[in-house]
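Here are my notes on how the two parts of this chain meet. Have a look at the model first, then read on.

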Amino acid sequence: MEFKHVIFDLDGTILDTLEDLALAGNHTCELHGWPTFAVDQYRYKVGNGMLKLVERFMPAEYAGDGMMFQTALAEFRSYYGEHKEDHTAPYPGIIDMLDAMRKTGVTLAVLTNKDHAAAVPLIERYFGPNRFAVVQGRIDAYPPKPAAPVTLHVLEQLGADPSSTLYVGDSNVDIQCGHNAGMRAAGVAWGFRGTEELEREGADFIAHTPDDLLRIVQG
Ligand SMILES: O=C(O)COP(=O)(O)O
């Protein structure tokens, strides 16, 4: 077995959350009469956490307006909290792939920039309570990935060595996240961003299907 542990990104990698994130973003914009965005445009706004997402959909004229930012963030979190399961679903083949990895003794974890308070119930709802040994969302104690400390915290909880652990994600942030913590990183072609960005960022592997990922992990 090439890898003993696999740490997954959440949004755009195992769970397709794009539409619910986009609808929550546009709802917040509509409350203020701001311009909204096509769902596809959110592919490039998600990935650095909800604070960055709000910054990216707020009109430029409010940059630096802390009060407005806090208001919009609270509105976004409240709407997304209520609607985060409306259109969200695991990508096809993901659950079978996770179970096949676990059957061969690989330990699985999730490290996402999604708020920890939103990530945990989504994981439980779509993946059940036992598939992942560790679930770590964004918390105030750590800067968001790709900064290494939160990733090292997950590795420590897993008792995992970076050399035998693979990070799997769908964006440049995810490839950086793996590399910053001394891991190899695989990019998934089915996610929000596509393969060009992942190759440009130096992904060690590209998986076009969940079966590809299984083969990469098995070596
Ligand atoms: O940016 C977010 O909120 C979540 O992004 P991630 O699951 O791809 O880390």
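**Notes on the domain interface**

1. First, the ground rules. This is a predicted model, where local features need pLDDT of at least 70 and side-chain atom pairs count only at pLDDT 80 or more, while totals for chains, interfaces and linings use all residues. Residues are numbered from 1 along each chain as its sequence is written, and side-chain values use heavy atoms, with hydrogens and water left out.

2. The chain splits into domain 1 (5-16 + 88-218) and domain 2 (18-83), with bounds from an automatic or database domain assignment. Their C-alpha centres sit 24 Å apart. On contact (heavy atoms within 4.5 Å), 15 residues of domain 1 meet 13 residues of domain 2.

3. About 1,200 Å² is buried between domain 1 and domain 2, and carbon and sulfur atoms give 44% of that area. Buried area here is the accessible area (1.4 Å probe) that two parts lose on being put together, summed over both. On the side of domain 1, D115, F192 and R193 lose the most area to domain 2, together 44% of what that side buries.

4. D115 turns up again in a salt bridge: its side chain meets that of R77 at 2.7 Å, N to O. The count between the two domains is one such bridge, defined as a side-chain nitrogen of Lys or Arg within 4 Å of a carboxyl oxygen of Asp or Glu.
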